[in-house]
Amino acid sequence: MKPKILLIYTGGTIGMMKDPETKALRAFDFSKLLVHIPEIKQLDCEIETFSFEDPIDSSDMNIQEWRKLGDVIHANYDDYNGFVVLHGSDTMSFTGSTLSFMFENLTKPIILTGSQLPIGDLRTDAKENLITSLQLAIQNDNGTPAIQEVCIYFEYQLYRANRTSKINAEHFEAFSSPNYPPLAISGVHLNIDKSLLWQRKLVDPSLNVDGTAFAKAETQKNSLLDSNRMNYRPDFEDAVVVLKLFPGITEEVVGAICNIKGLKGIILETYGSGNAPTQKWFINLLKKALENNIRIVNVTQCVGGAVSMGKYETSTQLKQIGIVSGKDITTEAALAKMMYLLVHTNSLNDFRVYFETSLRGEVTDSIA
Ligand code: ASP
């Protein structure tokens with residue numbers, strides 16, 4: 001039997017065509033996909049399509065739209081061998097990160113792709129991105145999907161989605177994964193590096209924990225790895241903020257952010273390996289926020305590399321007051337993980353244990 005893929009269109013440039021008369025860009029009719037990309041017929045799979053009723057520019061993504069997308073995949077999970085999601089590139093790394101946490105113990109590929117030029121443009125990058133994404137989604141080993149994680153395919157590279165950032169607004173090579181190598185490179189051959197693919201952390205059900213880092217979590221009943229089945233966890237908390245430090249940042253600005261009513265989490269984008277101002281007012285504001293039960297995670301503003309709190313004096317205090325290390329996580333994945341863990345953990349200790357441990361390959365466990 002041929003593998004079945006569900007192709008989901010959420011919006012974005014990839015699904016646009018230029019109206020030959022008006023020259024305006026308008027959404028592409030997905031029921032006519034094969035007319036526009038007849039090459040797809042050569043793929044050895046069945047493709048069915050689903051389009052968001054009102055396709056959106058990815059700048060309009062939010063937790064409701066993520067849930068809509070998650071629900072479509074979840075409702076069709078058993079009927080397809082894999083999913084290809086067409087999505088605007090602007091926030092694709094956020095959506096990819098979110099989906100990776102939504103689907104625990106994923107056994108099928110979810111591949112996001114998009115393009116810099118519309119599908120109807122003569123020089124479009126959409127066709128290659130779409131065709132190769134479909135090809136990757138049907139790769140299997142004796143019927144078992146080769147890829148069992150959430151990925152982004154763009155310009156000849158397949159990445160783990162929660163390791164990516166959009167790095168260029170114009171080049172076809174729009175994404176980068178500075179802290180984890182590409183999972184596959186498309187050239188003359190389509191080479192997947194199997195050693196880099198995500199391996200599910202299988203849990204011994206009698207222990208109810210994986211016996212390592214999770215043994216430290218207090219609320220093991222609430223363990224986020226408590227079964228080996230695929231679990232759909234669509235709830236996210238959006239009372240969060242990203243606070244990017246800059247030289248000269250004032251007490252008023254940091255104070256206003258820390259005192260946002262109902263705020264539950266702050267992603268603190270610090271300098272270099274996790275460094276921040278040492279002034280008293282700054283540390284005191286963060287301390288007060290922590291006392292008010294706001295979770296704070298330290299991520300680096302650098303494109304690559306990791307936070308190492310305590311390496312310099314400028315981060316020692318952050319560690320002492322209880323700020324969580326984001327290690328080598330991207331801001332996009334940190335935000336998604338915080339939104340996820342705010343729903344699924346109760347104590348600061350559990351939040352820290354889960355945040356500092358790789359749940360879907362989003363951080364490197366070996367970083368101290
Ligand atoms: N603004 C568009 C979006 O993210 C750009 C793109 O499709 O790549 O939806």
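User: I'm new to this structure. Which atom of the ligand is 2.9 Å from an N or O atom in the side chain of Asp 57?

Analyst: Welcome! In this predicted model, a nitrogen atom of the ligand lies 2.9 Å from an N or O atom of the Asp 57 side chain. The side chain of Ser 58 also has an N or O atom 2.5 Å from an oxygen atom of the ligand. With Thr 13, the backbone takes part: one of its N or O atoms is 2.7 Å from a ligand oxygen atom.

User: Which residues surround the ligand?

Analyst: Around the ligand you will find Gly 12, Thr 13, Asp 57, Ser 58, Gly 88, Ser 89, Asp 90 and Ser 115.

User: Now the helices. How are two packed helices described?

Analyst: By the angle between their axes and the distance between those axes. Take H2 (residues 63–75) and H3 (residues 92–102): their angle is about 50 degrees and their axes are 11 Å apart. H2 is therefore oblique to H3. Their crossing is right-handed. Trp 66, Arg 67, Leu 69, Gly 70 and Ile 73 of H2 make the contact with Phe 94, Thr 95, Thr 98, Leu 99 and Met 102 of H3. Six of these contact residues are nonpolar, three polar and one charged.

User: At what angle do H3 and H8 pack?

Analyst: H3 packs with H8 (residues 331–344) at about 40 degrees, and the axes are 8 Å apart. That angle makes H3 oblique to H8, and this crossing is right-handed. On the H3 side, the residues include Phe 94 and Phe 101, while Leu 335 and Tyr 340 are among those of H8. The H3–H8 contact has six nonpolar, three polar and two charged residues.

How values were computed: Residues are numbered from 1 along each chain as its sequence is written. This is a predicted model: local features need pLDDT of at least 70, side-chain atom pairs count only at pLDDT 80 or more; totals for chains, interfaces and linings use all residues. Side-chain values use heavy atoms; hydrogens and water are left out. Axes are lines fitted to C-alpha atoms, for helices over the stretch in contact, and angles run from 0 to 180 degrees between N-to-C directions. Helices (H or I, at least four residues) and strands (E, at least two) are DSSP runs, numbered from the N terminus. Angles under 35 degrees count as roughly parallel, over 145 as roughly antiparallel, 65 to 115 as roughly perpendicular and the rest as oblique. A crossing is left-handed if the near helix is turned anticlockwise from the far one by less than a right angle, and right-handed if clockwise. Contact means heavy atoms within 4.5 Å. Ala, Val, Leu, Ile, Met, Phe, Trp, Tyr, Cys and Pro count as nonpolar, Asp, Glu, Lys and Arg as charged, and the others, Gly among them, as polar. A residue is near a molecule or strand if one of its heavy atoms lies within 4 Å of it. A polar contact is a pair of N or O atoms within 3.5 Å; within protein, one must be able to donate a hydrogen and the other to accept it, and residues adjacent in sequence count only if both atoms are side-chain atoms.
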